[in-house]
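Please look at the sequence and the structure first.

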Amino acid sequence: MYRTVSALAALAAAAPLMFSPALAADPVVIGAATASSGWMAPYDEGPVAAAQVAVAEINDAGGVLGRPIEFIHVDTKTDRAEGAKAAQSLVNEGAVMMIVSADFDMGGPAALVANQEGVLAFSTNGADIKLGNKAIGPYVFTMATEAAGAGALLADWAHQEMGWKTGYLLTDTALEYTKSLGAGFKAKWIETAGEDALLGEDSYQISDPSVAAQVSRLASLETAPDVIMLAGVTPAMPAVIRQIRAAGITAPIMGGVGFDGDEWRSALSAEALDAVYYGSYSSARGDDPRPAIAEFLERFKARNDGEPPASGGLAVSGYSAVYAWARAAERAGSVEPDAVMAELEKFDAEPLLVGPTTFTPDLHINTSRATLIVGYEGGEPTPLGYYDPAAGGYVEWWN
């Protein structure tokens, strides 16, 4: 069962999911305070649609503790104040768990409201450490791999797997996620490749994608870098790549989950996309090496008019958030947030679609996970494999 409410809690009609008689009463309410409009929408819509698939599957299987899940969505409009209002409207609707936007800056206000009300909050793929180290409060979790850890993984892959010896860092300093991603890359790159291996670094902000001065400084380096780490997200990221390529710089460019999805690809030529790489949780293009992802995509498309997730490989984080909460509730024998939280904090490499997930009483985020590396060639993306520095290369951890 799904409902949508505005940030002012006005109800909008929605078609109910059919339940068996045993699930006809006393639903348990969960929801999402996430963006359906604004620049966060491409990062939120896929995970929320996948969360709804998980709700439908769980309800079809008998619900949680014999109760149907009712899912309510509120559009935060990529606005912090609207996020807080959206979260409060979900609390007023009786939600015991809510999904918040996939970013600390945009999802933090909603998570703060949830925490103050004693309601569990899950970011889908918000990777800043503050979404998982109790900086907001004890009721906040994220399904993401922590940003600094993701940056470090990319640095390790670039040096160990690709053999690149020199790098350059360009960071969007407007967001906590991108700052952490860049910092993680820098620390690991220097540790792995050496102090002199970082040829330089520069910054820009998401609100100003004009990077002519930054590209000029990059192009004027005496030695061109083997790889450029671009710690950025859409909508600015494609414009930054375009300007780098327009300057005749052909060095490989790599980034984190902010590069996932296909909505931005049309902004770049096939030539500009060549040698662009990123790491994510999966691929939604039907080419992921994990059989479980192919099965999930078929179920997702069956419930979404044949369309794959808008957010690409990020969608599995929303699906996994619902299953993580439901699994913990079943083990707790209760949907009360404190009881569910106690079970979540026992997760130790819990098998979820987003990847093996570990939570502890001190840390509600994963610091490292095997990550799918995707590379563009001829304008088309190809999965190269799941990379895990702890294993020393590509792995098949699902076997």
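Helices (H or I, at least four residues) and strands (E, at least two) are DSSP runs, numbered from the N terminus. Residues are numbered from 1 along each chain as its sequence is written. The model is predicted, so local features need pLDDT of at least 70 and side-chain atom pairs count only at pLDDT 80 or more, while totals for chains, interfaces and linings use all residues.

A search of the whole structure finds 2 cavities of 30 Å³ or more. A cavity is a set of points, on a 1 Å grid over the protein atoms alone, where a 1.4 Å probe fits but cannot get out; lining residues have an atom within 4 Å of a point. The volume of the largest cavity is about 130 Å³, the volume being the space filled by probe spheres set on the grid points, which are joined across faces, edges and corners. Its lining has 14 residues, and T145, A150, V257, G279 and T371 lie nearest the centre. Two or more lining residues come from each of α4 (147-161), α5 (176-193) and β12 (276-280). The most come from α4, which gives 3.

The second largest cavity holds about 110 Å³ of space. Around this cavity are 13 lining residues, with Y43, A102, D103, Y177 and V233 nearest its centre.

Key
Side-chain values use heavy atoms; hydrogens and water are left out. On a 1 Å grid over the protein atoms alone, a cavity is a set of points where a 1.4 Å probe fits but cannot get out, and a pocket is an open set with protein on both sides within 12 Å along at least five of seven lines; lining residues have an atom within 4 Å of a point.
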